[in-house]
Amino acid sequence: MDILAKLERALERTIEGIFSRAFGGNIQPVEIGKKLAWEMDSRKTVSISQVYAPNRYTVFLNPDDLERFGPYQGSLIPELEKYLADWAKGRNYQLVGKPEVSFEADQDIRAGSFRIESQIVETEVAEATDQVPGPAVAQLRVTSGADQGKQFVIDQPVKTIGRASENDIRILDPGVSRHHAEIRAQEEGYLLVDLGSTNGTLVNGENIQSRKLRPGDVIQVGTTIMEFQVEEK
């Protein structure tokens with residue numbers, strides 16, 4: 001228990017220190033972290049020789065709360081995923097894939113509350129290590145909109161998309177939120193995450209909160225349309 005207590009204290013120092021002022025008296029990210037750990041404990045499955053725990057978690061929030069969390073998801077999600085990985089290690093749980101956390105809106109949840117759903121989902125494994133995509137080989141090509149013709153290389157672990165000047169991929173489209181979405185490079189590929197944008201993020205015409213990207217996927221933010229491309233190594 002000493003190890004788990006240290007994990008909780010580390011979570012509080014890391015997450016509360018970064019986000020507490022941003023959320024004031026509303027839902028605190030540390031509450032979500034602790035509830036995620038509780039969900040992992042309560043949904044574990046015992047086999048003959050191993051204890052398996054969920055690796056995919058969806059946090060459902062009231063739409064107003066989700067919008068409040070939006071600009072911080074890019075920093076918050078990796079912290080929560082690391083916390084879950086450490087928690088599983090401390091409990092000697094087996095995970096079939098790295099922990100994944102995403103946020104979604106639910107109109108039926110009152111403001112200030114949230115609920116969590118979890119699954120055991122085996123993530124896709126590349127056929128060989130040299131087949132794992134790296135940040136330098138992916139790019140977004142703008143096919144329609146004010147920035148048509150521009151290409152943006154995904155050459156960092158996280159690339160932010162939005163209208164504000166501080167974004168890595170700046171889209172000058174009034175229908176795009178200041179901090180709209182982000183692309184995260186992972187060992188198994190690239191993940192697109194909506195940051196609680198006003199008009200949403202579409203992949204192949206479907207409104208998403210998070211989606212693993214595949215070559216040829218069509219992404220729409222505002223009225224801007226982009227194609228996700230990955231070059232072969």
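Which strand holds the place of Q139? Q139 sits in strand 6, residues 138-144; strands (E, at least two residues) and helices (H or I, at least four) are DSSP runs numbered from the N terminus. This is a predicted model, in which local features need pLDDT of at least 70, side-chain atom pairs count only at pLDDT 80 or more, and totals for chains, interfaces and linings use all residues. Residues are numbered from 1 along each chain as its sequence is written, and side-chain values use heavy atoms, leaving out hydrogens and water.

Let's stay with Q139 for a moment. Q139 counts as buried because its relative accessibility is 14%, where buried means under 20% relative accessible area, exposed over 50% and partly exposed in between (1.4 Å probe, protein chains only). Beyond its neighbours within four places in sequence, Q139 is in contact (heavy atoms within 4.5 Å) with residues including F152, I154, F228 and Q229.

Now follow the chain back to I120, in the loop between strand 5 (114-119) and strand 6. With a relative accessible area of 42%, I120 is partly exposed.

The largest nonpolar core has 26 residues, and I32, L36, M40, V59, L61, V101 and F103 touch the most other members. Such a core is a set of buried Ala, Val, Leu, Ile, Met, Phe, Trp, Tyr and Cys residues joined through side-chain atoms within 4.5 Å. Among the elements giving two or more residues to this core are helix 2 (29-42), strand 3 (56-61) and helix 4 (73-91). Helix 4 gives the most, with 7 residues. A second, separate core of 21 residues includes V142, I171, V176 and V221.
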